[in-house]
Amino acid sequence: MDVKISAKDVKELRDISGAGMMDCKKALTEAGGNIEEAIAILRKKGQKLSAKRADRDAKEGAVIALTSANRNNGIIVRLSCETDFVGKGEAFIALATSIGEVALKNLPDTLEDLLALPYDAEMNVGDKVTEQVGVFGEKVEVKAYEKVVTAAGEGQVLPYIHMGNRAAVLVALNMEGPDYVEPGKNVAMQVAAMKPLGLNKDSIDPAVIEKEMEINMDQARQLGKPEAMLERIASGKMNKFFKENTLMAQIYVKDSSMTVESYLQSANKDLTVTAFKHVALG
């Protein structure tokens, strides 16, 4: 016997799941009108679609940065999808934000730990993301997760979201208080614009430095410089590399007469950045 599916039930399932009206009606029909079974069917559809789209590129999406009320902790979550149409949608950004809120509340150590956390009473974050593949009709995945944690009284974390959720930055300062919120956010904007590789010279990956030295030596060699001078010439060029690629030594984008370090010192001679994180789409 055919079960009559009411518009009220379809709307209720849509409100619960976020799936389209036709998908909800089909799921309810398949489930004989049982909403709980229909929810399970929609989840299975999401899982099947997720597996089917596993080889698709998910380079679009939304990047969210959130900080705690006391600004001691901050997180960045990148939720990826296939098209900017989906990534710019309110529902997708709301999903990314809700996952970010779970991350901020729990401060997991890794992306894998985040995916294993409860999203709600019914499923964990990873299962929620899989379910939403069926809702959005695209590959959806949490592509990146970062956190910055400071102890109470030892600094604050400032967030910045760039270009309509296409990138996000966290900057940790060594000093708390409202006087340093604007400097922190300005430095976060600097990170988004200039994309430094590290905080200072000591924080650059040694493999990156070695590769840059090799490039510099090879360039000097091609110019006919003596072998005995190559390393010294290459080392000289590294000074420019560090000025361009380490945050504290970079020219401050809002005032080219200062470096980021001297800009911060203009607010307080002891003010500095202790850490930063930068996550972007692509």
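I took helices (H or I, at least four residues) and strands (E, at least two) as DSSP runs, numbered from the N terminus. This is a predicted model, where local features need pLDDT of at least 70, side-chain atom pairs count only at pLDDT 80 or more, and totals for chains, interfaces and linings use all residues. Residues are numbered from 1 along each chain as its sequence is written, and side-chain values use heavy atoms, with hydrogens and water left out.

**Entry 1. Pocket**

I looked up empty space. Rolling a probe the size of a water molecule over the atoms shows where such space is left. My grid had 1 Å spacing over the protein atoms alone; a pocket is an open set of points with protein on both sides within 12 Å along at least five of seven lines, and a cavity is a set where a 1.4 Å probe fits but cannot get out. Lining residues have an atom within 4 Å of a point. Points are joined across faces, edges and corners, and a volume is the space filled by probe spheres set on them.

The largest pocket holds about 210 Å³ of space. Which residues line the largest pocket? I noted Asp23, Lys26, Ala27, Glu30, Ile41, Leu42, Lys44, Lys45, Lys48, Leu49 and Lys52. Helix H2 (21–30) and helix H3 (35–52) are the elements that give two or more residues to this lining. H3 gives the most, with 7 residues.

For classes, I counted Ala, Val, Leu, Ile, Met, Phe, Trp, Tyr, Cys and Pro as nonpolar, Asp, Glu, Lys and Arg as charged, and the others, Gly among them, as polar. The pocket lining has 4 nonpolar, no polar and 7 charged residues.

**Entry 2. Cavities**

I found 2 cavities of 30 Å³ or more. The largest cavity holds about 70 Å³. Ser17, Ala19, Asp23, Ile39, Leu42, Arg43, Lys45, Glu131, Gly134 and Val135 line the largest cavity. H3 and H7 are the elements that give two or more residues to that lining. Again I noted H3 as the top contributor, here with 4 residues. By class, the lining divides into 4 nonpolar, 2 polar and 4 charged.

The second largest cavity holds about 50 Å³. I listed its lining as Glu60, Gly61, Asp84, Gly87, Lys88, Ile93, Gly164, Asn165, Arg166 and Leu281. The classes come to 2 nonpolar, 4 polar and 4 charged.

**Entry 3. Sheet S1-S2-S3**

I counted two strands as paired if DSSP finds at least two bridges between them. Here 3 strands form an open sheet in the order S1-S2-S3, with antiparallel pairing. Strand S1 (60–67) and strand S3 (141–149) each have a single partner strand, so one side of each is left without a neighbour in the sheet.

My axes are lines fitted to C-alpha atoms, for helices over the stretch in contact, and angles run from 0 to 180 degrees between N-to-C directions. Neighbouring strands in this sheet are turned by 10° against each other on average, direction ignored.

Strand S2 (residues 73–81) is joined to S3 by 8 bridges. Which residue of S3 is the bridge partner of Ile75? I found Lys147. I then checked contacts, meaning heavy atoms within 4.5 Å. Helix H5 (residues 90–106) packs on the sheet and touches S1, S2 and S3. Its direction makes about 145° with that of S2.

**Entry 4. Sheet S4-S5-S6**

I found an open sheet of 3 strands with the order S4-S5-S6 and antiparallel pairing. Strand S4 (156–162) and strand S6 (273–280) stand at the edges, each with a single partner strand. Neighbouring strands are turned by 10° against each other on average, direction ignored. Strand S5 (residues 167–173) is joined to S6 by 7 bridges. Ala168 has Val279 in S6 as its bridge partner. H8 packs on this sheet, touching S4, S5 and S6. Its direction makes about 45° with that of S4.

**Entry 5. Single residues**

I took buried as under 20% relative accessible area, exposed as over 50%, and partly exposed as in between (1.4 Å probe, protein chains only).

Is Gln132 buried or exposed? Gln132 is buried, with a relative accessible area of 7%. It is found in helix H7 (residues 125–136). Leaving aside neighbours within four places in sequence, Gln132 is in contact with Ser17, Leu95, Gly137 and Val140.

I also looked at phi. Most residues other than glycine have a negative phi. Leu107 has a positive phi, near 50°, and lies in the loop between H5 and helix H6 (111–116). Lys195 also has a positive phi, near 50°. I placed Lys195 in the loop between helix H8 (181–194) and helix H9 (206–222). Lys195 is partly exposed, with a relative accessible area of 48%.
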